[in-house]
Amino acid sequence: MNKPIKKILRISLIILASLLMLLIISAGLLSWYIFVPEKLTRIVNNQTEKYIPYETVIGEVELTVFSTFPRLGVRISNFHVISPVSGSQCDTLLRAGELTGVIDSKAYREKGDIVINSFILSDAYVNVFVDSLGWSNFDLFIREARAPVDEKAEVEPFFIDLQNIEFNNLDLVYSDQKARIDLGMKEVNGKMAGNVKGDLLSGNIVLNNSLASFEFAGDKYLDNYHLELNVTAGADLSRQLFSFDNSFLSLNGLDIGINGSVENDTGRGSILTNIDYEFNSLKVEDIMAIIPLRYISAFGEIDVTGLVSSSGIIKGEISDTLLPLIDLNMTLANGNFIYDFLPYPLGGINWDVDFIWDMNSNDESSLHVNTLVLNTPDSELSATGKVDNLFGDMHYDLIADLDLKLEELMHFIPEAIDMDLSGRVGGELKSDFSLSQALTFDIGKMKLSGSLILSEFSMIYDTLTVNSTGTGIDFALPNTTSSGNNRDFASARISSDSLEIYINDHISTLIKSSHFYVEMSDIRDTTARPSLHCRFNIEKMMAGNDTANISVNRPYGYFTYSPGSDDPGQPDIELAYTSFDFEAQSGSDFARAASMTLNAGIQNDKTSENIFLQWLAEGNIEMTDGFVSLSVMASPLEIPSIIMDFDPETFNIRESNVRIDRSDFSLTGSWENVFSYFRGDSVLKGDFSFLSDNTDIVQLMNLTSGIGIENDTPGDPSAYNNNNNVYDTTFTGPYMVPQGIDLLLRANVKQALMHGDTISDIRGDVRVNDGILVLDGLSFTTPAADMRLTAMYRTPRKNHLYLGIDYHMLDVEIETLLNMIPDIDTLMPMLRSFRGTGEFHIAVETYLDSLYNIKMSTLRGASSIRGQDLVLLDGETFSEIARTLRFSRRAENRVDSLSAEFTIFREEIDVYPFLIVMDRYQAVVGGRHNLDMSFDYHISLVDSPLPFRLGIDIGGNLDKLQYRVVRPKYADLYRPASRRVVESRQLELRRMIYETLTRGLMETE
């Protein structure tokens, strides 16, 4: 034990005991001589001057016999010790109304033990004062202790027994200006008992119904608080160890139990503490009353109620560098909190927390939240978990259950944000993050997860309105179940019974029974492409605005966005989509599909300036029961089925069925150079099989006319009806061959319709090559004849159309031929006089105007016609020939056979000699006629019943034919050989087609 402290304690007790012994001995010796208070008072006054170094005043001293029986005691009244110090509120150190003491003189005489049987202090006042320099008004008591102490000197052990010490109506004032402490106790009533044996001290002190006040640094913590105290304590003065057992403190009804010990470790220069405390059901408002007003007023008006209970331990060293460990539990029951900053009160607050703080290391501090529940008028929040490192970078590991009314959150949204929320959100949130991560929003290092349910949710933000019912959100950050590709940053599952989205009250979206699962990488990393994966499954989705709407049932699939495998700077996108009952409408335009499936991989190519060409897709698509009706189309487009594979350059149609009004066809094949075509550096190439039961040729021509021609809309402009904004069903021409396309169509059509005529069994190749249309070996059947057609049609300009044609008709009615090709009447006017079945073959090239009129100056070609059993129609021509040649009266106007060839060059038609057999005559006919219908023909009879040979020259024009009998040009029995002019022209036409196509293909390559 510190020797100066032991010396102070020893001197104090010896002074008290000696004073009492002096009084008792003096009283015993003189009681029978001087047994009056006046004598005793005078003696005591003289003796106190020897032991008390201050001015003392004693009112009266008397011996006690009966009140202290069987022991003799001394009672001193109006005892006053005066110690004036500058700054003290008064010069009194001690003032006692009455002081009564009883000491066991025998124990003191025989053993030197001080046994105080009773010590009663009544109506006393104690004033202890320490100035700012550390000088006190009781300094003289310890002056001797301040003198040099011989550390080697031994202090004799002594025994002090304090059997009963009472305080009745004691006032205590302690003012320490240096420590800035002011302590006041009034009406102190209590008892104390204990003993001191050598360095060991034990005892008990009880204070009842006292008033306590306490100020520190100008802040008042206690103001006449009712104090009750029951302390059972022990001490080892050699170790400066003080212990408390089952001690009790009550302050204004705040009951606190204390156990433990405090030890002054002089070797380490520290104080060792091990203190337990406990209190139950204390009112928060009473505890708040202890806190200085200036600490509370800084936060505004705060109203807190509830019952607080706590237990804990304070354990460890206290020194200049060390502080103890605090480990406590605190509960709050039925708490309520009203604060100006909060727009509504918090009620039903219940918490149970464990607080651990190693004050030597802020890192070793934590708050365990066993229970936390709080309520607003319409919301509830509960939480459990742990908060570490409370006085540093706090780390939170919490689980919260919530049921919030979103309207209450509106009070925390700045007015500058035009937002309105309503509905409820409930569920569980889990968090694992540090304060620094939260302040810097470093969510990449935070762990957050939860499962939330939105009920009757509504959000209005600016022009956006979102309503939902039955919406659930499960999220995790980071994503612990990542499917790969660096999508471990976050994941979320979102499901909703109904989701409505409105923009500007004009655009609306309705999603019913939807489910989404999303995984993503850290989207905050601007140096890398994000990675995103979204799976979706929706029962029904509808969207629309004032003029358009879309509806689709059961869309499901997934969407993936990730850095490119070859170039991380370019994103890769994967899309898998399936839906049913798709419908879309915009004005009078309408589209639908019974089912649609799309699987695609998409890559980004930023080298293209066109944003639409920056995305390169590869995959496949399937659709069934498609239907498209557009205002610019006279007839809707029906697509019973289509299956197609595609990549940026190739569209491979594996299966398709299409219907357009009276046309239906199946198209299989592929498009190539698709991306290059839209980029403008290549021709679009296609190779397809075209199978059809019924085809309206004019209608298809109308739909495809002008495609690829700049400043021209698809379809024939002349067929556009401005009155109803649709294309007419009848094609008026000219047909403009699509440009930028090289298409081969292998046609197989059972029945086709063209200008009211029905054509059957069309077979052959149709080719479109950058403004050139080629029909290669096309065969078909009409009611009039079986036909073969090879043609080339070029449309450099609408009024300058090129046509090269190799047209072969088998078993064609001549009358029908003239109806089908009216220009044949001009080329061969004699045919109008024949009727019957023949074979017609023509190979010709020419230019046409926009109405398909032949530009005769460009006409070149050859033709042939053959027939058997033809009928020469009655008329002036036949009568004149029959009369001239002297046909028999019974001869019919029938031509047994006809085989003629002719060539066309500009406006001249050369008819090569051909044989015609009629009745008993055979004649060779040849000559020329012009397109102005002027003639120069010669007919030679090469076999006839006439006894002489005869020839006829025919001239003039149709209005006035001139006949003249002349010498025949051709010998008897002359048979003209075929010149094969058509075949020659046919070969030339085919060569020209080949060269044109070859040149075009070479140019495109």
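Student: How many salt bridges does the structure hold?

Tutor: The structure holds 16 salt bridges. A salt bridge puts a side-chain nitrogen of Lys or Arg within 4 Å of a carboxyl oxygen of Asp or Glu. This is a predicted model, where local features need pLDDT of at least 70, side-chain atom pairs count only at pLDDT 80 or more, and totals for chains, interfaces and linings use all residues. Residues are numbered from 1 along each chain as its sequence is written, and side-chain values use heavy atoms, with hydrogens and water left out.

Student: Which salt bridge does Lys 405 form?

Tutor: Its partner is Asp 378, with the closest N and O atoms 4.0 Å apart. Lys 405 lies in strand 17 (residues 395-405) and Asp 378 in the loop between strand 15 and strand 16, so the pair ties together parts 27 residues apart in sequence. Strands (E, at least two residues) and helices (H or I, at least four) are DSSP runs, numbered from the N terminus.

Student: What does Asp 442 pair with?

Tutor: Asp 442 forms a salt bridge with Lys 445, their closest N and O atoms being 3.9 Å apart. Lys 445 counts as exposed, at 58% relative accessibility.

Student: Which residues are linked with Asp 661 in a network of salt bridges?

Tutor: The network links Asp 661, Arg 662 and Asp 696. The side chains of Asp 661 and Arg 662 meet at 3.6 Å, N to O. Asp 661 is partly exposed, with a relative accessible area of 42%. Arg 662 is partly exposed as well, at 45%.

Student: Which end of helix 10 does Asp 696 cap?

Tutor: Asp 696 caps the N-terminal end, where a side-chain oxygen lies 3.3 Å from the backbone nitrogen of Val 698. The contact rule takes N or O atoms within 3.5 Å; within protein, one must be able to donate a hydrogen and the other to accept it, and residues adjacent in sequence count only if both atoms are side-chain atoms. Helix 10 spans residues 697-704, and Val 698, Gln 699, Leu 700, Met 701 and Asn 702 in it are buried. Gly 706 follows helix 10 and has a positive phi, near 85 degrees.

Student: How many helices and strands are in the chain?

Tutor: The chain has 14 helices and 47 strands. Of its 1005 residues, 42% count as buried.

Student: Where does Phe 489 sit?

Tutor: Phe 489 is in the loop between strand 20 (464-477) and strand 21 (490-503). Phe 489 is buried, with a relative accessible area of 8%. Contact means heavy atoms within 4.5 Å. Not counting residues up to four places away in sequence, Phe 489 touches residues including Ile 443, Leu 477, Pro 478, Met 520 and Arg 524.

Student: Is Thr 376 buried or exposed?

Tutor: Thr 376 is buried, at 14%. Thr 376 lies in the loop between strand 15 (365-375) and strand 16 (380-388). Neighbours within four places in sequence aside, Thr 376 is in contact with Tyr 344, Pro 345, Leu 346 and Glu 408.

Student: Which strand holds Ser 514?

Tutor: Strand 22 (residues 507-520) holds Ser 514. Ser 514 counts as buried, at 1% relative accessibility. Leaving out neighbours within four places, its contacts are Ile 494, Ser 495, Ser 496, Asn 537 and Ile 538.

Student: Which residues touch the most other members of the largest nonpolar core?

Tutor: In soluble globular proteins, nonpolar side chains tend to be buried together. A nonpolar core joins buried Ala, Val, Leu, Ile, Met, Phe, Trp, Tyr and Cys residues through side-chain atoms within 4.5 Å. The largest here has 71 residues, and Leu 773, Leu 789, Tyr 807, Met 809 and Phe 840 touch the most other members. Apart from it lies another core of 31 residues, among them Tyr 54, Ile 165, Leu 227 and Val 231.

Notes:
Buried < 20%, exposed > 50% of the residue type's maximum accessible area, 1.4 Å probe, protein only.
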